[in-house]
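Have a look while I get the viewer going.

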Amino acid sequence: MNPLFYDDYIPKTTVTVYTWRGETYDLTPSLFNWQRGKYVDQSQPGTFTLNLVASQDKSGKTYADLLMPMDYVEIRASKYGKKANGKLPIIMRGFVDQATYSLSLGGSGGPQEPRIIVTGRDFTKLLIIWQVLYLWTQNTLKASGDLAKIEAEASGFGLYFNFGLPLYPESIASFFKDMMAKMISPIQASMKGFKYPIDLPWFRGDFAFPDFPISSLNVLSYTGSYWNLLQYFASPPFGELFVWDDADGPVLTSRMAPYKTLGGSTPAPSPLTLESEGDFHNVSAINISRSDTDLYTYFLTYGASTQLVGLTMPVYVTGSGNGVITPVAGLFGVRPYTVDTSWIGEYDSSDPGKPNSNAIQIGDTLNKWLVDVMGGMQYFWSGNIACHGDENYRIGTYRTLTQRKQDYYIASIQDTFTVGSDGTTSDIWTANIGIVRGEGSL
């Protein structure tokens with residue numbers, strides 16, 4: 001028997017839309033299926049697609065007519081159909097991008113039932129469509145006679161003047177907290193001016209960073225989306241940035257990537273260690289491999305604004321750990337991995353007491369972390385597994401694949417919920433989970 005269809009699995013789902021014009025629509029009766037995608041990769045926001053029957057209301061309108069961009073969507077589902085406080089667990093919150101009316105002829109030339117296809121993105125969408133506008137066209141500041149003061153005032157005009165962010169943030173963590181309070185949270189206040197018939201949930205920040213000073217020089221006159229600004233300070237591969245949903249609301253997660261070494265430990269300076277959240281259940285297919293595709297044999301971490309004597313190229317310091325060629329270079333060749341990161345503040349040797357005077361030391365520390373977690377990529381397993389959908393699977397967590405006795409990091413979840421036809425067949429929820437960094441004893 002296919003393990004996806006055990007008798008004790010009776011998956012249930014609901015899909016509800018709350019429009020900014022004040023209506024509430026339960027799409028569940030019109031649902032053929034939904035698809036959801038969640039990704040740790042910060043270049044991919046969470047996405048959803050709803051496939052609906054093109055039924056009409058009394059006025060002849062379909063959901064393609066009734067739904068509009070920025071309507072708020074909640075997708076709820078449970079593999080056992082269990083509810084909490086009268087509702088199924090929420091697995092996706094987001095906003096409509098578009099609702100499309102689709103009609104085409106059947107395969108043999110016959111009629112085909114029209115469909116409504118609704119697509120959208122999770123709360124990441126808000127941070128993408130909201131922009132920092134830095135439109136500095138002329139110096140309107142009154143000359144103070146102090147050139148250094150004028151330059152400081154002008155250079156901070158974008159983030160400092162418009163948003164009240166510190167001209168020189170003290171640390172990565174403090175920057176994220178300031179941005180949450182002064183840039184992201186005010187978005188909700190603006191959205192409350194519309195008629196959503198529900199109190200929109202709001203971002204909760206979940207941040208975990210080492211206590212490093214940072215370089216903010218590159219963003220003082222930043223123009224672009226909030227998301228790209230956050231991504232700059234998350235500084236991949238050292239940091240992660242993604243949104244996942246829990247019962248209370250969307251969680252904006254940014255942290256030092258909790259990658260483990262081949263020995264299963266989380267190396268310094270990561271302040272976060274993650275244990276496996278349990279096994280993958282009801283697995284129907286496993287496709288994993290080891291590859292040298294993501295293998296690196298040379299590592300260099302630097303900050304563009306930290307270089308000694310004004311150099312603009314990365315600096316390799318003899319005897320330092322900021323440039324390492326690993327022994328496997330003789331086997332796999334030289335494969336550079338160089339990182340220009342905002343986590344290294346501007347180097348200043350004039351005062352040993354200043355936080356940024358240890359820029360080279362921080363570069364060495366970060367480079368050692370890279371070697372620890374990426375120096376043995378040829379040994380890690382990655383791929384995907386197919387299994388029953390489960391509301392407890394979350395991106396950015398570890399799970400154990402019991403067939404291999406290995407822990408894997410969940411990098412993506414793509415799942416489909418298909419409603420049984422005419423009540424004669426059961427609803428089906430399947431998941432394809434992207435897994436990386438598999439390690440452990442076989």
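Predicted model: local features only at pLDDT ≥ 70, side-chain atom pairs only at ≥ 80, totals over all residues.

Residues are numbered from 1 along each chain as its sequence is written, and side-chain values use heavy atoms, with hydrogens and water left out.

So, helices. By DSSP runs numbered from the N terminus (H or I, at least four residues, for helices; E, at least two, for strands), we have α5 at residues 172-191 and α6 at residues 226-234. Their axes sit 11 Å apart at about 170°; axes are lines fitted to C-alpha atoms, for helices over the stretch in contact, and angles run from 0 to 180 degrees between N-to-C directions. That's why we call α5 and α6 roughly antiparallel, the label for anything over 145 degrees.

Who's touching whom? Contact means heavy atoms within 4.5 Å. From α5 you get residues including Phe175, Phe176 and Met179, and they meet a set in α6 that includes Leu229, Leu230 and Phe233.

Now the sheet: it's open, three strands, ordered β9-β12-β11 with mixed pairing. Pairing needs at least two DSSP bridges between the strands. β9 (204-208) and β11 (239-245) are the edges, each with a single partner strand, so one side of each has no neighbour in the sheet. β9 runs parallel with β12 (residues 250-256) over five bridges, and Phe207 has Ser254 in β12 as its bridge partner.

And α6 comes back here: it packs on the sheet, touching β11 and β12, with its direction at about 135° to that of β11.

Terms used. Parallel < 35°, antiparallel > 145°, perpendicular 65-115°, else oblique.
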